[in-house]
Amino acid sequence: MTAGADVLAATDPRPPIDLSSGKYLKLWQGPQHPGITGNMSIELTVCGDEVVEGKTHVGYLHRGFEKLMERRTFIQVFPIVCRVCVPEPDFNEYCYAAAIEELAGIEVPERARWIRTLILEMGRINSYLMYLGGQAGAFGLGVIGQWTTHVRDLMLDRFEEMTGARIYHMFILPGGVRDGLPDGFDRRMAETLREIERTMADVENVMFHNAVFKKRTRGVGVIPVDLVDTYGITGPNARAAGLPNDVRKDHPYLVYPELRFEPVIGHESDMYARADVRRRDLLVSIDLIRQILARMPRSGPTMSRLPNVLHWKIPRGETYVRGECSRGEYGYYVVTDGSGYPRRINVRGPSYTHAMALLEHLIPGTNISDVAALMVSLHTYPPEIER
Amino acid sequence: MRDEDMNERRIGVRDELRKRIVKGPDGIEFEVDPISDYYCDARPEVRPGAYAGIVESLFNWARSESLWILGFGTGCGAIEMRPLMTPRFDAYRYGIQWRPTPRQANLFVVSGYLSVKTLKRVIRSYEQMQNPKYVVGLGSCTINGGMYWDSYNTIKKLDQYLPVDVYIAGCMPRPEALLAGFEELKRIIRAGKAEGANLYAENFDWYKANQKRVIHDWDMPDYNW
Amino acid sequence: MRTLLARLKERFALGPITEQRPDLAFVTVERETLRPLLRHLRDAEGFTHLVLLTAVDWIEEGLFQLTWLVHDRRRARDIGLRVMVARDAPVMDAVHDLWPTAATYQRELKEMFGIDFPGSPRIDEEFILEGWVDIPPYRRDFDTLKFSEETFEHRAGRGTTDPATHMREHLGIQGGSK
């Protein structure tokens, strides 16, 4: 099971690279490059069309969040946590709020727990839609990106009427959520979900049954199943390898135990399998939103009483809270020291392992034209690597 | 930890930028000094409008109607650029489109906070763009630091480092705000006031001094043309 | 979790234990115990992956707390191992041969806290920062506001965002944490 690591460390089968031999060429892919997800770069060493080595370079988006959080009171941290990860910000809010609630011993009202689950699933759909557009775009299927961005906009409209903002919602705060759902939200949400389903049927036809897409993705970028644990791979990347890793099932949080769903599993563990797992997981999320809207309580408080936030002190303690975001396990490790400020907050984003160690391991041997697609297929978001 | 190891790192040049002997494919050895050999270090020049009056304003109108944005998402604002490319907001109808390389672009949208590491790349990309070129600062964090006012790694005032034509406030600005900002930029260009490239050339030493004050490991030529 | 901790206690010298949740416990161990313990957890107890490796700066006590959090997927439980290292000579053993992902975390800790992990790959390369000249920024004695004021040009006219000051000055409410 875990023999992979020792083997990797012991034998490196690749010959040493002599750059002065004239056989190799060093190329930078990124940060200013259309074929890169977000603002990061890969230093490629190529021999002809084949990439022999890839080193990832991150840090272009480093804002020092973990330092800034230490300077802010518990309630002042709340508006900046969502900025950690741009395309799916709600997970930061949830993980931070859940960690603070656990350390401070705050109970969350039932209705708030349902609304939180709803927001997280909506965010997951957004993130998957962005991914599908990016993955298709990496192969020149630009129209998929147009469709998915369009339906993502519809979902952002739902976010906007619920929270007042398109991207950074700042809705899940320690103790509950800011408000309930607006009038008529269910009806408009149902329409949006139908529209997304229609688009997904088109996407399946045009993208997943496309001969070019199949040829370029089948058997490319395979993650061997025994590397999943060695590299700490989580989420769809692990599920595409046939492992039912899903924090929603393994460590049920919020109202997931009351919802009916099964983790989506693929088998081939290549780029196609990963795209397919995400597509089917998106449909699961649509189903979950329907279940939530049908069963959630419509009245009751959405916030529990917080202590005076100006004097709010949390006793010394540490905890780790995780959730399943669209890319894998997202977690916050929070340490408090009894003062009004957090001692240390560490953000564990799934991209941290996927885009660094795993990508560097997968790149050697690929064709140079597949590097961008491979990177997209791991679904990495640089801001959560460097924070 | 403020020891010689840190100092060495500060002064040290990256391996690929060191002087070295290279053997060509035909077997001849020659010395390469990447910093002076790979780049032309000519300073930028001020180029005022070549024609008078009506011709120049015709040119300005043409320039304003084809804003080609460099596809470099430097921060979170880049996520609101994507909807602009779709039919709902459709920036293409205003002559705005995205280009993959600086050589084809004339508008740099600095989409959000700039860490020092990105600032270095932004300066390089900006200097590689053709004249006339424009810069739009997007988001509160380019104006005064925004959320990251006390961060040790992000710049607070973009116009210290690059000549900015328009700022779009917000965290983050909506696509409609971006469209309004681009309209504003067009008005400035048509009025002949978008002289960012000339401003940069005129105050080149001031901009360079500001840039070098925050970028401690400056290992590139002064002007990356 | 209880039985696991009891079993571990028989084999290793464990320090104070915090049971945070039924599926999450933190254990303080000595530096020498860490590697054998991690190896035992991985090979014998079925802990599958390293979730995170990070440090906490307890500047008052002159210590860095390093936390390795490992996860057992089949039984859905986590265990966090804490090791205290002295702040003035922070060196720790690398564990990247057990989990290759640890190398990235070790690089980050070296840069952000100045904790050395001898033998870790690319440990001396810059990871996130570039051309950094001050003390490692995540240390508690590094003042980010002061650094930012000295290094960057600030635009004048920025108001305070401190809620206590705002309430005192605009709403007439006394008190507040500052």
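Two residues count as in contact if their C-beta atoms, placed from the backbone, lie within 7 Å. The structure described here is a predicted model.

## Chain C: overall form

Chain C contains five helices and five strands. Read from the N terminus, these elements follow the order α-β-β-α-β-β-β-α-α-α.

The C-alpha trace of chain C extends about 60 × 40 × 30 Å along its principal axes. Of the 178 residues in chain C, 41% count as buried. Among the contacts in chain C with a separation of 6 or more, 45% join residues 24 or more positions apart.

## The sheet of chain C

The five strands of chain C make an open sheet with mixed pairing, in the order E1-E2-E5-E4-E3. Strand E1 (14–21) and strand E3 (49–58) of chain C each have a single partner strand, so one side of each has no neighbour in the sheet. On average, neighbouring strands of this sheet are turned by 20° against each other, with direction ignored.

Within the sheet, strand E4 (residues 63–72) and strand E5 (residues 77–86) of chain C are paired antiparallel through ten bridges. One position in this part of the sheet is C:Asp72, which stands opposite C:Arg77 in E5(C). Helix H2 (residues 31–43) of chain C lies across strand E2 (24–29), E4 and E5 of chain C. The helix runs at about 160° to E5(C).

## Where chain C touches chain A

In the interface between these two chains, 37 residues of chain C are in contact with 39 residues of chain A. On the side of chain C that touches chain A, at least two residues each come from E2, E3, E4, E5, helix H3 (102–112) and helix H5 (163–171) of chain C. E3(C) gives the most, with six residues. E3(C) is also one of the edge strands of the sheet described above.

By class, the side of chain C that touches chain A has 19 nonpolar, twelve polar and six charged residues.

## A sheet in chain A

Chain A has an open sheet of three strands, ordered E6-E7-E8 and paired antiparallel. Strand E6 (317–325) and strand E8 (342–348) of chain A are at the edges; each has a single partner strand, so one side of each is left without a neighbour in the sheet. From one strand to the next, the twist averages 15°.

Nine bridges join E6(A) to strand E7 (residues 328–336) of chain A in the antiparallel sense. In this pairing A:Glu318 has A:Val335 in E7(A) as its bridge partner. Helix H4 (residues 90–104) of chain A packs on the sheet and touches E6 and E7 of chain A. The direction of this helix makes about 150° with that of E6(A).

The domain assignment divides chain B into domain 1 (4–37) and domain 2 (53–214). The centres of domain 1 and domain 2 of chain B, taken over C-alpha atoms, are 33 Å apart.

Chain B has 32 residues in contact with 25 residues of chain A. Strand E1 (20–23) and helix H4 (116–128) of chain B are the elements that give two or more residues to the side of chain B that touches chain A. H4(B) gives the most, with four residues. The residues on this side of chain B comprise 13 nonpolar, eleven polar and eight charged ones.

Terms used:
Residues numbered from 1 in each chain as written. Chains lettered and ligands numbered in written order. Predicted model: local features only at pLDDT ≥ 70, side-chain atom pairs only at ≥ 80, totals over all residues. Nonpolar A, V, L, I, M, F, W, Y, C, P; charged D, E, K, R; others polar. Domains from an automatic or database assignment. Buried ≥ 20, exposed ≤ 12 C-beta atoms within 10 Å, placed from the backbone. Pairing = 2+ DSSP bridges. Axes fitted to C-alpha atoms, helices over the stretch in contact; angles between N-to-C directions.
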